[in-house]
There are 2 protein chains.
Amino acid sequence: MILREDAGMSGRRERKKLATRAAVREAALRLAARHGVEKVTVEQIAAEADIALRTFFNYFSSKEEAVVATLAAGAEELIAEFRARPRTEPVLRALREAVLVVMAHGDAGRRDHLEALHLIRRAPSLVPQQLAVLAAQEKALAEAIAERLDQDADDIYPMLCAATVMTALRVVFNRWLDRAVESTDLPSMTALREEVDEAITELAAGLDRPGRAR
Amino acid sequence: MILREDAGMSGRRERKKLATRAAVREAALRLAARHGVEKVTVEQIAAEADIALRTFFNYFSSKEEAVVATLAAGAEELIAEFRARPRTEPVLRALREAVLVVMAHGDAGRRDHLEALHLIRRAPSLVPQQLAVLAAQEKALAEAIAERLDQDADDIYPMLCAATVMTALRVVFNRWLDRAVESTDLPSMTALREEVDEAITELAAGLDRPGRAR
DNA sequence: ATCAAACATGCACGATGTGCATGCATGCAC
DNA sequence: GTGCATGCATGCACATCGTGCATGTTTGAT
């Protein structure tokens, strides 16, 4: 028996698996966007992605997971950008820059990302899944932060910082979506950037507020 | 037709409903703790609480929701304590004090709370629900903060602050639970208080960290 | 006493998620 | 290329889930 350490990468098999996963993800997003998350069955998604019903569950354990999977991509991009920032930058500045870079990309992935967020707004059943995805990414971000600071990965600062930043981004994005109920498509991308900026700045400067002057 | 504004409170009906809800919550927690969340069926929970299977779904829409419902009580307590703090205190100090007060209570509710957190640690299926509960309480906390500052409830600061503090508490509690794997029961309650303190202080002072000296 | 609304329950049914057995595709050794 | 072992897609069966609907009972107001 020979041990192959190639595990994961090359090979038709892996490529097909990734392609199928992406196809399912996109099918789920498309159908959910068209008919509403609750009105779509796993069977329909499987049909749209041209796989068997049973096979769907080899990739995702629920349709919610499939829809929300799109969000994970955005978070991974953010973490990658963060890792690419020069280490001379303070942590929160690096994170701020990373967010702005990712938001500026503007490729198809981001349209899906916003589409998914739109869906979550109108489908309460997706909220728990969304938060679970973010929490999972918190861990990865915490590791990146710890690495940057030459700290231990389970020190309190990296975890706290990662969780807090992800939370702040979630708040800002949701807030922006709430305000964008009316405008058909682009309710000022600039405003979104400004609010991200403002939120991170506030985190950096300290969240406290004085009591009433009385 | 006379409009009753009594809605909710008094009456045998409401009392019975609350009692049943509590009974179901406790039954779910007890069974899940004994046999593991995944191994318990809704039918068993209904039997333990002495209600019909169908009736269970009049109270909770899943067993996960029933188990995690215990956590909501803790958060509500926190918000109540926060509202009770004098308005002269800065926001984060008031929150810190509120947390410490709630943690010092030590009644049966807190044992259930810790029990629930233990369950969540070992049952990934509960994580999304837990986060959803916290997110729901974020909103309530944001309103309390906005009120205290005479600000609008959908200004950015109250939301950001509420979400951030809840997140920080979650991180600290989870971290404490992770470290408490070994010790059978009480792995230093004092340490928990200190870490809560430390985390909130850090939020108040600013989360940023300088880059590498070089 | 009476009545209407709220509630618990039983029933039926579509949908979900998983274990198991099977057959086909893939990658590897020769 | 031949053969083999492993992985993966699929079909099937089944337990559980969650909900709409109909019914009988309890509660609270008049």
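Is Asp50(A) buried or exposed? Select Asp50(A) and look around: Asp50(A) is exposed, because 11 other C-beta atoms lie within 10 Å. (Buried takes 20 or more other C-beta atoms within 10 Å of a residue's own, exposed 12 or fewer, partly exposed is in between, and the C-beta atoms are placed from the backbone.)

A quick word on ground rules. What you're seeing is a predicted model, where local features need pLDDT of at least 70 and side-chain atom pairs count only at pLDDT 80 or more, while totals for chains, interfaces and linings use all residues. Residues are numbered from 1 along each chain as its sequence is written, and chains are lettered from A and ligands numbered from 1 in the order in which they are written.

**Stop 1: two loops in chain A**

Stay on Asp50(A), in the loop between α2 (42–48) and α3 of chain A. (Helices here are DSSP runs of H or I, at least four residues, and strands are runs of E, at least two, numbered from the N terminus.) The phi of Asp50(A) is near 60°, a positive value in a residue that isn't glycine. Most residues other than glycine have a negative phi.

Now jump to Asp150(A), in the loop between α7 and α8 of chain A. Asp150(A) is not a glycine either, yet has a positive phi of about 55°. Asp150(A) counts as exposed because it has 8 C-beta neighbours inside 10 Å.

Asp155(A) also sits in the loop between α7 (127–148) and α8 of chain A. Asp155(A) is partly exposed, with 14 other C-beta atoms within 10 Å.

**Stop 2: DNA strand D**

Select DNA strand D and the residues around it: there are 22, and the closest are Ile51(A), Ala52(A), Thr55(A), Gly11(B) and Arg12(B). (A residue is near a strand if its C-beta atom, placed from the backbone, lies within 6 Å of it.) Colour by element, and you'll find that α1 (12–35) and α3 (53–59) of chain A, along with α1 (12–35), α2 (42–48) and α3 (53–59) of chain B, each supply at least two residues. By class, the surface near DNA strand D has five nonpolar, seven polar and ten charged residues. (Ala, Val, Leu, Ile, Met, Phe, Trp, Tyr, Cys and Pro count as nonpolar, Asp, Glu, Lys and Arg as charged, and the others, Gly among them, as polar.)

**Stop 3: where the chains meet**

Show both chains. The contact takes 38 residues from chain A and 38 residues from chain B. (Two residues are in contact if their C-beta atoms, placed from the backbone, lie within 7 Å.) On the side of chain A that touches chain B, α5 (91–105), α7, α8 and α9 each give two or more residues. Which of the elements gives the most? That's α8(A), with ten residues. By class, this side of chain A has 22 nonpolar, six polar and ten charged residues.

**Stop 4: the axis**

The same surface serves both copies, as 100% of the contact residues of chain A recur in chain B.
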